[in-house]
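This report goes through a predicted model, with attention to its fold, its core, its interface and a few backbone details. Please keep the sequence and the structure in view while reading.

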Amino acid sequence: MLQAKDTKGDALVVMENAGIKRADRWLVRGIDLTVRRGEIVTLIGPNGSGKSTTAKTAIGVLSPDEGKVQRANPLRVGYVPQKVNVDWTMPLTVKRLMELTGKLPGEKLEAALVAAGISHLSGAAVQSLSGGEFQRALLARALAREPDLLVLDEPVQGVDFSGEIALYRLIREIRDRTGCGVLLISHDLHVVMAETDTVVCLNGHICCRGTPESVVASEEYRTLFGSRASELALYRHQHDHTHLVDGRVRLADGTIADSCGHLHDHSHENISDA
Amino acid sequence: MLDDFFVRAMVAGIGIAIIAGPLGCFVVWRRMAYFGDTMAHSALLGVALSFLFDINLTLGVFAVATLASLALLFLQRRGALSTDALLGILSHSTLALGLVMVAFMSWIRIDLMGFLFGDILAVSKSDIGVIFAGGLAVLAVLAYIWRPLLAGTVNPEIAEAEGLRPEAAKLVFMILMAAVIAIAMKIVGILLITSLLIIPAATARRFAPTPEIMAVMASLAGALSVSGGLLASLQFDTPSGPSIVVAALVLFLLSLLRLKMQPAGG
C-alpha cells in the first residue's frame with residue numbers, strides 16, 4: 001500500500017488536444033493533460049473557464065468533440081461532482097450513499113467514514129447533513145471505492161477554512177497511502193498549491209501549467225486572476241510547505257527540510273527563475 | 001373463485017399495485033409525475049389506434065406510450081422548448097387525438113368512461129394472466145437495473161463516471177412505465193394511473209429508512225388502497241378507478257397524521 005510520493009507511476013488519463021463543443025461554442029479546446037498514479041493535478045481558472053468540463057471529459061462523462069482521451073483499462077474512478085442534490089423524498093442514509101455505485105466490504109466502508117471524520121453520521125439521512133458534512137460523505141464514498149483516480153470538483157465548497165485545510169490534508173494522506181492519482185478542481189488555490197504536483201491554469205484553453213511556484217510566477221496566471229493573483233501569491237508563502245509531526249517541513253517540491261525559514265528567502269528568486 | 005368479477009378485479013388490482021409501488025418511487029424521486037401523466041394520456045391514442053388497426057389493446061397502448069416517452073426524450077435533447085411545455089403539448093395533444101379518433105370510429109361502440117376511469121367489470125381471466133406475467137417481467141427487469149437507475153437518480157454523473165450506465169437504465173425505466181400503464185389501464189383508468197404510482201410512494205416515504213424498503217412499502221400501500229377502493233366501489237356503486245385513488249388519498253392523509261404524532265410518541 002505504501003508508495004513514496006516521488007515515484008510517479010503510469011498514466012491513468014491522457015488527454016490530447018481534447019475539445020468540447022456545445023451549440024457551436026467551444027467550452028474548452030486544445031486540452032493536453034496527463035494524470036499519473038500518485039500525482040495530484042489541480043485545475044484552476046475563473047468561473048466558466050471549463051474546469052468541470054475538462055474533468056468530466058477526462059473520466060468519460062463527456063466525450064470529446066475533437067482530440068483524444070485515453071484512459072487506463074481498467075480504471076476505477078471515484079468522483080465527487082461539484083453539485084449533488086438528493087431529493088428529500090428519497091430515504092438515503094450516509095451508509096446507503098456509500099454503496100450507491102457498488103457494494104463495499106463493511107470494513108472498507110467503516111474505514112472511509114472514519115478517514116473522512118463522519119463515522120458517527122453513518123445512520124443519518126443525507127438530507128440532514130450540513131454542507132461540510134455532506135461534502136465529507138461524498139468524499140468518503142469516493143474513497144471507499146479505493147479508486148485508481150480520484151476526481152474532486154471543488155470538494156471544499158460549503159466547508160469553513162479549518163475544515164478546508166483538514167479536507168485537503170485528508171486528500172493528500174489518501175494519495176500518499178493508496179498511491180491513487182488525484183484530479184482536483186479548485187478556485188481557491190492558496191491551500192491546494194502546497195499539496196499539488198502540477199497546476200493547470202484554464203480559461204477555455206490551457207493558459208499555463210507547471211509547479212505551483214512557476215504558475216504563480218507566470219505572466220498568464222497574473223493576467224487571468226488580475227488583482228487576486230497577488231493575493232494568492234501571498235498565501236503561497238504560508239502554505240507552500242507542510243509542517244510534519246516531527247517538526248520538520250516538507251517543501252512544495254516534496255523535499256524535507258529542517259525549517260521553512262530559508263525557503264521564504266529564496267522563493268522570490270525561484271519565481272524569477274521560473 | 002376467479003369466476004366472480006369482483007375477485008378478478010381484486011386480484012388484478014393488487015397485482016398492479018405491487019408492480020406500481022417500486023416504479024412509483026422512482027417517479028417521485030425523479031420528479032416525473034407529469035411525465036407519467038403524459039405517458040398515461042397517450043394511452044387513449046393507443047386505444048384508438050388499436051381499434052383502428054385491430055391489434056391487441058395492451059400491446060397498442062404499450063407501443064404508443066413508449067413512443068410518446070421516446071418522442072419526449074428526443075425533443076428534450078433538441079432543447080427547443082422547456083420540458084414542462086413539451087409535456088403539456090404531448091400530454092394533451094395525444095389525449096385529444098385519441099378522443100377525436102374514437103369519435104370518428106362510429107362503427108365500434110367504445111366505453112370511453114371505462115378507459116378513462118377504469119372498469120372492474122372489464123377484467124377477464126386473461127387480463128389477470130397478462131398482469132401477473134407482465135408484472136413479474138417488469139419487476140425482474142427493474143431489479144436488474146436497480147443500481148444504475150438509483151445511482152443515476154441521485155447523480156447521473158457519479159453513476160456514469162464510476163462505470164454504470166444511467167442513461168440506458170433510464171430508457172429501460174421508461175419502457176417499464178409504458179408497460180405498467182398498458183396493463184393498469186383497465187383497472188384504474190387512463191386519467192388516474194399516475195396517482196397509483198405516486199400516492200402510495202408518497203405514503204411510504206414517511207416510514208421507510210432506505211430506498212428499497214420504500215419500494216416494498218409503496219407496493220403494500222398500493223395493495224391496501226386497491227382493496228379498500230374496490231370494496232367501496234362495490235358498496236357505493238362508484239367507478240373503480242376514482243374509488244381506488246380516494247382510498248390511496250385517505251391512506252396518505254393517515255400517514256401524515258402519524259407523522260404529526262411521532263414527536264409526542266418518541
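A nonpolar core is here a set of buried Ala, Val, Leu, Ile, Met, Phe, Trp, Tyr and Cys residues joined through C-beta atoms within 7 Å. A residue is called buried if 20 or more other C-beta atoms lie within 10 Å of its own, exposed if 12 or fewer do, and partly exposed in between, with the C-beta atoms placed from the backbone. The largest nonpolar core holds 157 residues, of which Val180(B), Ile181(B) and Ala184(B) touch the most other members. H1(B) gives the most to this core, with 15 residues. Leaving aside residues up to four places away in sequence, Val180(B) touches Ile19(B), Ala20(B), Leu23(B) and Val138(B), where two residues are in contact if their C-beta atoms, placed from the backbone, lie within 7 Å.

The model is predicted, so that local features need pLDDT of at least 70 and side-chain atom pairs count only at pLDDT 80 or more, while totals for chains, interfaces and linings use all residues. Residues are numbered from 1 along each chain as its sequence is written, and chains are lettered from A and ligands numbered from 1 in the order in which they are written.

Chain B has eleven helices and zero strands, helices (H or I, at least four residues) and strands (E, at least two) being DSSP runs numbered from the N terminus. The radius of gyration of chain B, taken over C-alpha atoms, is 18 Å, close to the 18 Å that the globule rule gives for 266 residues, so chain B is as compact as a globular protein of that length; the rule is 2.2 Å times the number of residues to the power 0.38. The C-alpha trace of chain B spans about 60 × 50 × 30 Å along its principal axes, and 51% of the 266 residues of chain B count as buried. Among contacts in chain B between residues at least 6 apart in sequence, 72% join residues at least 24 apart.

The contact between the chains takes 19 residues from chain B and 18 residues from chain A. On the side of chain B that touches chain A, two or more residues come from each of helix H1 (5-29), helix H6 (125-154), helix H7 (156-161) and helix H10 (211-236) of chain B, and H7(B) gives the most, with five residues.

Confidence is given as pLDDT, the predictor's confidence in each residue, from 0 to 100. The mean pLDDT of chain B is 90, and 95% of its residues reach 70 or more. Among the elements of chain B, helix H11 (residues 240-265) has the lowest mean pLDDT (80) and H6(B) the highest (95). The model scores ipTM 0.83 and pTM 0.83.

Some backbone details deserve a look. Most residues other than glycine have a negative phi, and most peptide bonds are trans. A cis peptide bond joins Asn73(A) and Pro74(A), with omega about 0 degrees, and Pro74(A) is found in the loop between strand E4 (66-71) and strand E5 (77-80) of chain A.

| Residue | Phi | Loop | C-beta atoms within 10 Å |
|---|---|---|---|
| Glu154(A) | about 50 degrees | between strand E6 (149-153) and helix H5 (161-178) of chain A | 18, partly exposed |
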